[in-house]
Each structure stands twice: as C-alpha cells, then as structure tokens.
Amino acid sequence: MSKPTDLVQGTLDLLILRVIALEPMHGWAVAQRIRQMSNDELRVGQGSLYPALHRLEQQGWIEAEWGESENNRRAKFYSLTRAGRKALEKESAQWERLSAAISLVVRRA
Amino acid sequence: MRWATKLRLRLRSLLQGGRVEAELDEELRFHLDRLTEEHVAAGQAPADARRAALREMGGLDQRKEECRDARGLALFDELRQDVSYALRGLRKSPGFATVAMLSLALGIGANTTIFTFVNAVLLRPLPYPGSDRLVVLRERPPGAEGTVSVHPLNFLEWRARARSFEALALVQAPPLNVIGADGAEQIARVQATSELFRVFGVGPARGRVFTPEETRPGSHDVVILGYGFWQRWFGGDPAVVGRRLAVREGALTIIGVAPPGLRIGLMEPDAYTPLPIDPAKPASIGSRSFQCYGRLKPGVSLDAARAEMAVVASALARQYPMDEGYGVFVSGLHEYLVREGRPALRLLMAVVATVLVIACVNLAGLLTARGIRRRGELAVRASLGASRGRLVRQLIIESLVLSSLGGAAGLVLAYWGTLALVTLTAGALNVGSIEPIRLESTCLVFTLVISTVTALVFGLLPAWQASRVEPQMALGERTRGGTADRQQHRMRSALVVTEVAMAVVLLVGAGLLLRTFSRLVRVDLGFQPAETITMGLFLGARPPEARVSLVDQILERVEALPGVKAASTIQFLPLTGMNCGTGFWLEGQPRGDASHASTTECSLVSRGYFAAMGIPILEGRTFDRRDRMGGPRVVIVNQSFARRYFPGGRALGRRILVAWSDEVLAEIVGVAGDVRHNGLTSEPAPTVFLLHAQTPGYITTLVVRTAGDASARAAAVRQAIHDVDPTQAVSAAKTMEQYVGDLLTRPRMYAALVAFFALIAVILAAVGIYGLIAYVVTQRTHEIGIRLALGASRRDVFRATFGQGARLTFIGLVLGVVAAWGLRGVVATFLFGVTPGDPLTYVFAAAVFAAVALAAAAIPAHRASRVDPTTALRYE
C-alpha cells in the first residue's frame with residue numbers, strides 16, 4: 001500500500017511515528033521533539049514535515065484531532081493509530097537491521 | 001480498517017473542501033507563528049522574525065500544494081477543473097454546442113427509445129418464478145414447415161413418458177357465455193388440466209386451484225376467476241369463493257381467483273374451467289387443437305428436453321398411425337411468444353445504431369475542426385507544462401461532458417418517443433407481461449453506457465490529433481496547409497464518405513419497406529372487407545339440432561333487418577390467424593384408414609357466406625336452404641383445391657369424404673374463389689367449405705354485409721340475436737376492415753420508423769458534407785482571394801468547391817448502393833411484393849440523397865464564390 005519511497009522520506013516517516021508514539025502532539029512539537037531527542041543533530045526541514053504528516057494521515061497510520069495547544073491556541077494534534085503502531089514496529093525493526101548492516105560494511109572497510 | 005478511514009478522509013476532502021482548506025491554512029499558520037516566536041526569542045525584530053520564518057518554510061502556498069498532493073486528490077481536482085473548463089468552452093461556442101448536442105440527442109434518444117422496446121419485449125423475462133424453465137410444446141407435421149396444435153392423446157402420452165418436465169398442462173380457449181345483470185356476455189375463458197398453475201409457478205390469489213380429480217370425466221361445475229374479471233364482475237368481493245357464476249347452461253361454483261398478471265399465452269383469461277380428458281377416449285374432446293405448456297425440471301436443459309421428446313415422438317409414431325411422421329417441437333415460452341417481434345426489433349436496433357454512428361462521425365469532424373482552431377490555446381498549455389496525456393484527458397473530458405449533456409437531452413426525447421411509439425404500435429408487438437412499455441432503470445443504464453461509448457468513439461481520435469501541438473504554435477503563427485492538416489482533411493473526407501454510404505443504405509431500406517407497405521394495402525385478399533361487420537357467437541354445449549336451428553333463426557332475423565345485404569356465419573374468420581384442418585379421401589380411395597388421408601384446410605360456414613364476404617363463386621352454386629341435416633351432403637371447394645385434386649377436370653359433381661363431416665361422402669356443388677385466409681401475404685391453401693347446417697360447430701362468427709357503414713348496424717344485429725335467444729352472448733363487434741387494419745399495423749410501423757430514421761440519417765449526412773466543405777472554404781479563404789485576384793471567375797471558384805462536395809457525394813453513393821446490395825438479405829423477410837434488389841428503389845434513393853447532398857454542398861460553394869478578394873487578402 002505504501003508507495004516506493006526513497007531512504008530519506010522513509011526515515012522521516014519513522015522518526016515522526018516514533019515521536020508521536022510517545023504522546024499526541026502537533027506538527028511544531030514533533031519537529032521540536034525530534035531535534036531534542038537527537039541532541040539537535042536532526043532538524044526536520046520546514047518544507048517536508050507537513051506533507052509527511054498529511055501523507056501518513058492519508059495512509060491511516062496517524063489520526064488527527066483539533067485541540068488546544070500549550071499557549072491556548074487551536075492546533076491539530078496527531079496520534080498513532082493501531083495500524084500505525086504496527087507499522088512503527090515493523091519500520092523500526094527494518095531500520096535496526098539496515099543500519100546494523102551498513103555499520104558492518106562501513107566499519108569493515 | 002484502514003481503507004475505511006482512508007475512504008472517509010478522501011470523501012471529506014471532496015465534499016468539505018472548503019473546511020479542509022481552512023484547516024490546512026490554520027495548521028501551517030500555527031507552525032509559522034511558533035517559528036516566528038522562536039526567532040523573536042532569539043533576539044530578532046518581529047518583522048524580521050516573520051520574514052525569516054517564511055523564508056525557512058519556503059512559502060505557505062507551496063507547502064499547501066505539497067500537502068494537497070500528499071492527500072492524493074490531485075486527480076479529482078484536475079477532473080473537476082476539466083469539467084468546468086469544458087462547460088465554459090461550450091458556453092462560448094453556442095453554435096457548435098447546439099449542433100453537437102442536437103445530433104447526439106437525436107442519436108442517443110432514438111437508440112434509447114428502441115432499446116426500451118427491446119427491453120420490454122425481448123429482454124424482460126416473463127413475470128413468473130423460474131420463467132426460464134417455462135416451455136411450450138407443439139406438434140411438427142411431416143414434411144410441412146411450421147408447427148400445429150397438440151392432440152390430447154399425445155398430451156397424455158407425453159405426460160406419462162417424458163421425464164424432463166416437472167409439470168405439463170393442456171389448454172384450450174373457447175369463450176364462455178356468462179349471464180349477468182345486463183344480459184349475456186361472452187368472456188375469454190381457458191380450459192386447462194389441473195397442472196396449469198403449477199406449470200406457471202403461481203398460486204391462486206384466493207381459494208384453490210383444480211384438483212386432478214376435476215380433470216377426469218364427470219361433471220365438474222367449478223370455475224376459477226381471472227383477477228381482472230373478479231374485479232370487474234364481482235367488484236373484488238373478498239367472499240367470492242363459494243359464490244356462483246351464472247352461465248347459459250346453469251351455474252358454476254367459484255373455487256378461487258387467479259393471481260393478477262397471469263397470462264396464458266398472450267391473453268389474460270377472464271375465467272378458468274377444468275379440461276376433463278377421458279384417458280380411455282382422449283380424442284373425444286377434439287383432435288389437434290390444444291396448446292401445451294410445461295415447466296422443465298430443475299437442472300434439465302432445453303436441449304436435453306428436446307432430445308428426450310424426439311425419442312418419445314418416434315416411439316409414438318410407431319405406436320399410433322395418426323402420429324406417423326410427426327415430431328415434437330419444444331421451445332422456451334418467452335422465445336416462442338416474441339418470435340414474430342424479434343427480427344423486427346433487431347432490424348430497428350441496427351437502424352438506430354447506424355443513425356448514432358452517423359451522428360458520431362459528424363461530431364468527430366466538428367471536433368477535429370475545433371481542435372485545429374484551438375491549437376494556440378493547447379500549445380500554451382503544453383508550454384506551461386501539461387503533458388500530452390493531460391491534454392488528451394482534457395479533450396476526452398470535453399467529449400464526455402458533451403455526450404452527457406446530449407445523452408440527458410436524448411433521454412427526454414426518448415421519453416416522449418416511447419410514449420409516441422407505444423400509441424403507434426398499440427399491441428402490434430407482443431409483450432409477454434402486462435406491464436406497460438416505458439423507460440426503466442435498465443434503459444437509463446443503457447443511455448449512460450451509450451453516451452460514454454460515443455464520447456470515447458468520436459472524441460478519441462480528434463483528441464489525439466489535436467494534442468499533437470508544438471509550443472511554438474502558441475506564438476500565433478498560422479500554420480497553413482501542413483502535412484498534418486492534409487492528413488486530417490483526408491480523414492475527414494473518408495468519414496464523410498462513410499456516413500453518406502450509411503445514410504444511403506438506410507434510405508434504400510426505407511424505400512423498400514415503404515413499397516412493401518403500399519403493396520400490402522392494395523393486396524387482393526379474395527374477399528371484400530369493406531362494409532362487413534362481425535361478431536363472435538359461442539354456441540356452447542347444445543345438441544347439434546339446437547345449434548343448427550339457432551343459427552338459422554339468427555340468420556333469418558338479421559337478413560330481415562334494413563340495410564343488411566347478406567348474413568352468414570363462419571367458424572374462424574379469415575385474417576384472425578386461426579383455421580382448421582381435416583383429413584379427407586377422394587371417392588374411391590380406401591377410407592377409414594387415418595394414415596392414408598390427405599389433409600386440407602377446411603372452413604365451417606353457414607349458407608350465404610360467400611355473398612356476405614364477397615367471395616365469387618366460379619362454378620356451380622353456393623349453399624342454400626335446401627341443404628339440410630339429413631339431406632345429401634354437400635361441400636364447396638376453393639379453386640386451389642379444385643386445381644390440386646382435380647387437375648384439368650371438373651370438380652363439380654365429384655364426391656369426397658371429409659373426416660370431420662362424419663366421414664360421409666359429400667358432393668362438390670360449387671367452386672369458390674381463393675381467399676388469403678391466414679394473413680395478408682399468405683398463399684391461399686386448398687380449402688373445403690363445410691355447411692354448418694349439416695356439420696354444426698360450437699364456435700362461430702357472424703358475418704353481416706351491410707349497405708353503407710357497417711358499425712352503425714351493430715346494435716340492430718345484436719338486438720336481433722337477443723330477440724332469438726336472450727341467453728346467447730355475443731362478443732364485441734369488429735369490422736373486417738379493422739381486422740385488415742390490424743394486420744397492417746406492423747408493416748406500417750416498420751415503414752414509418754425506418755423512413756423516419758433514414759430521414760434523420762440523410763439530414764445528418766448532408767450536415768456532414770456541408771460542414772466539411774464550409775470548413776475547407778474557411779481555411780482556404782486566403783487562397784480563394786488570391787485566385788480571384790489573379791483573374792479566376794466566380795463560376796470557376798464555385799465549380800471547384802462544389803466539385804469537391806460532389807465528388808465525395810458520388811463516392812459515398814456508390815459505396816452505399818454496393819453496401820445496400822450486399823445487405824439485401826437482411827431486410828428480405830420484411831418485404832412483400834418487392835424484391836430486395838429492386839432497382840427502382842435504389843435509383844430513387846440515390847436520386848433523393850444526391851439532391852439533398854448536392855444542395856448541402858452548394859451553399860458553402862456559393863459562399864466561396866462570393867469571397868471578396870480584398871478582404872480575403874488583407875487578413876492573414
């Protein structure tokens with residue numbers, strides 16, 4: 001069901017899913033959390049975040065609900081669906097395998 | 001359930017587009033504001049912070065576009081755009097739009113109308129459960145084409161031996177005389193064996209059906225009412241079961257009411273009575289004059305049943321001499337009922353399909369021209385990034401929009417068309433169920449399918465060609481006379497030639513059918529249908545002497561009425577599709593042996609018949625009062641009989657033995673002229689006329705020849721019959737001219753319809769020619785201007801342009817005539833008195849079309865000759 005995506009896009013999806021799995025949050029918070037959790041290494045491009053969120057919503061892995069943000073403004077909160085949780089597990093496992101394999105090759109060389 | 005969520009989201013984006021957009025905007029603005037806040041917190045001025053934030057986000061609109069793309073609804077949005085663009089485009093060219101929609105409306109409307117009939121007559125199954133298992137059985141006589149009715153003996157044998165059927169029923173339909181408050185009335189009645197209702201798979205609306213006991217000999221005065229009759233005669237009384245129905249012979253007990261909509265064959269009976277068959281003497285109720293209906297067992301195919309019945313038939317042929325050479329005919333009931341209408345409907349469908357194709361060809365030409373005009377606009381779109389596929393899709397959407405609008409208009413036309421056609425045909429097409437012929441959902445689906453198919457057919461090629469644009473065309477340079485243009489022109493010419501050919505084929509067909517109709521109207525029937533009135537008299541179960549004297553008294557009374565020239569009776573009127581046959585032996589042939597009898601048609605008439613019907617007596621005399629029961633037997637034969645069995649010699653005075661007439665030698669006292677008894681086009685068959693006074697029948701029809709208007713005398717005749725016997729019922733009066741008119745309904749309908757559609761086709765083809773030549777003139781205005789300026793005369797210009805049109809017309813005519821000749825077998829079954837290759841019709845059709853087409857070509861040619869050279873040269 002998922003279209004063939006290149007590595008970068010797939011990785012972004014994984015990051016978003018991982019972050020949203022902790023608690024429902026809006027787009028801005030997702031970007032902040034990713035930055036924070038990666039020790040400021042990963043900054044999500046402002047242009048790629050929302051298309052990715054909408055695509056994940058379209059695929060049924062996250063669902064959206066309007067709520068009140070920390071500064072009392074209306075914001076769209078995303079949370080993980082059950083299908084999303086399963087996808088997250090699968091993607092995580094895949095990522096682990098992939099990164100381990102790459103590390104092996106890189107270190108060996 | 002992911003797909004449910006996904007569907008919900010897509011629907012939401014579709015239906016609540018505005019709200020979704022607003023939400024997207026709000027979401028991105030929220031993000032923008034937080035980003036700005038961050039910059040401000042980092043120390044920037046608010047205005048700078050905002051600008052920096054915007055720059056980082058890269059522009060809200062682009063992000064919105066990406067989000068929209070991510071939602072995967074781009075296709076839908078594009079389609080919506082295309083549709084509204086197409087509608088705008090149509091509004092801007094009202095001329096094109098009107099012509100296109102009108103052609104489509106005519107074509108699609110015609111097809112839907114005819115399809116409504118096809119659906120009602122051919123496609124809609126009979127309204128009984130498991131109706132595909134209903135069959136009709138008939139007997140196939142040796143050597144002859146066609147089938148005859150069933151003998152009760154054979155029915156009993158089939159019922160006993162055949163394994164393929166769940167139930168078999170034997171049926172006959174003599175009328176019934178009922179006595180009501182207003183006197184006697186003749187109603188339609190069906191006599192049937194007890195399995196009838198099981199065969200049709202229906203139960204009674206009230207009460208019960210016949211038991212097998214009731215179809216054994218004995219007195220069973222029971223009746224089941226038809227639903228309509230129950231409403232009419234008893235007012236729908238819910239307690240009707242147990243009441244009595246007064247008939248001439250006494251009264252019958254009502255045991256039930258049939259369900260509504262039950263039709264035996266094509267008739268809805270008013271009453272059902274049991275048909276008692278004595279297993280020991282089945283021939284006592286009659287010979288080959290019954291109908292047999294059956295229901296196949298589940299899982300048994302029609303072919304399997306046919307195979308089994310063939311075996312049964314040969315076994316019976318060996319056992320009974322009367323069955324020698326006879327076979328069994330088994331057919332699905334629905335197919336049997338519509339067998340007459342089917343070829344005609346097929347022909348009509350082919351005709352309207354041709355009209356639609358011509359309309360589509362016209363449209364293809366129009367669209368091609370339009371595509372060339374819009375080259376600039378399409379080139380702009382191409383240069384802005386539209387792919388070829390996108391352009392083609394846009395043009396196809398335009399075709400679909402056009403054909404949907406045309407289809408909707410066509411539906412409206414079809415609605416009126418169906419009403420008009422139903423009134424025109426008025427029962428000439430047999431429909432198995434009582435439901436009226438009208439537009440149903442199947443027809444709507446049909447219209448939808450046809451609209452879509454036509455859009456694709458006439459839209460695809462022009463779309464493909466028009467989308468072949470190069471961006472530099474957008475620079476406004478007029479590409480004139482390139483190879484692509486010539487190719488398109490050649491294609492358009494080919495299309496015009498094809499539609500001319502098709503229109504000519506239809507025109508030839510229409511001409512042939514019109515000539516057939518005029519022949520049928522003038523056919524010599526052998527009798528005089530004018531000024532005769534007829535009424536059905538069912539004499540019922542009276543003893544023979546009573547039947548003879550009743551008819552005598554009635555004839556005496558009626559002959560004495562003022563304005564009556566002659567009166568008589570006959571068992572089955574000509575042109576009602578019924579007749580009897582009997583076996584006979586010539587004098588000297590070994591008699592009594594059924595296997596050696598010759599068969600002939602016979603008619604049971606009273607005295608005065610030939611005068612009443614206007615049939616000439618060629619030799620000898622007619623029946624008169626001297627011929628009585630107990631006197632010497634007399635018969636009259638027709639000319640065909642005399643020629644066949646007494647060739648070269650005199651038939652008068654010879655004697656024959658007729659099986660039906662108690663097998664007594666009868667003398668031929670007269671030879672009558674031949675009559676077309678079985679139809680307007682039927683060949684007269686050898687016939688023996690038996691005298692009612694000597695061989696009384698049960699069913700008769702009174703025939704009265706009047707001076708002046710026949711229907712005016714009907715009341716007086718009815719009164720005369722009432723005076724003789726108040727309990728004798730009489731059926732509705734009908735003149736012989738009305739019978740003839742009934743038989744003319746179908747040929748008239750075919751001729752009128754095909755002529756109508758042929759006319760539309762001719763107009764459409766002429767419009768096609770006009771369109772092509774006019775277009776050429778517009779494209780070549782510049783060139784014509786040059787020619788005129790260089791000294792060509794206006795006549796030369798006219799001739800050159802007209803010549804193009806004439807050339808196309810001529811090629812199309814030749815192709816059309818050849819095609820019509822090739823297809824002549826198709827229409828042969830509908831013709832009478834004219835061969836399918838009749839040269840006069842072809843010549844006439846070609847001449848008519850040529851006149852119309854050349855006129856259509858002359859108009860733009862004339863316009864070309866009036867081109868003002870200065871104006872033409874001024875504009876590039």
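Visitor: Is Glu23(A) buried, partly exposed or exposed?
Guide: Glu23(A) is partly exposed, because its relative accessible area is 39%. Please note that this is a predicted model.

Visitor: Which side chain does Glu23(A) meet in a salt bridge?
Guide: The partner is Arg33(A), with an N to O distance of 2.9 Å. The two residues are 10 apart and link distant parts of the chain: Glu23(A) is in the loop between α1 and β1 of chain A, and Arg33(A) is in helix α2.

Visitor: And why does Arg33(A) count as partly exposed?
Guide: Arg33(A) counts as partly exposed because its relative accessibility is 22%, and buried means under 20%.

Visitor: Over to chain B. What does Glu398(B) pair with?
Guide: The side chain of Glu398(B) forms a salt bridge with that of Arg374(B), at 2.7 Å from N to O. Glu398(B) belongs to helix α14 and Arg374(B) to the loop between α12 and α13, so the pair ties together parts that are 24 residues apart in sequence.

Visitor: Are those two buried or exposed?
Guide: Both Glu398(B) and Arg374(B) are buried.

Visitor: Which residues make up their salt-bridge network?
Guide: The network links Arg370(B), Arg374(B), Glu377(B) and Glu398(B).

Visitor: What about Arg607(B), which residue does it bridge to?
Guide: Arg607(B) meets Glu559(B) at 3.2 Å, N to O. Arg607(B) counts as buried because its relative accessibility is 10%, whereas Glu559(B), at 26%, is partly exposed.

Conventions. Residues are numbered from 1 along each chain as its sequence is written. Chains are lettered from A and ligands numbered from 1 in the order in which they are written. This is a predicted model: local features need pLDDT of at least 70, side-chain atom pairs count only at pLDDT 80 or more; totals for chains, interfaces and linings use all residues. Side-chain values use heavy atoms; hydrogens and water are left out. A salt bridge is a side-chain nitrogen of Lys or Arg within 4 Å of a carboxyl oxygen of Asp or Glu. Helices (H or I, at least four residues) and strands (E, at least two) are DSSP runs, numbered from the N terminus. Buried means under 20% relative accessible area, exposed over 50%, partly exposed in between (1.4 Å probe, protein chains only).
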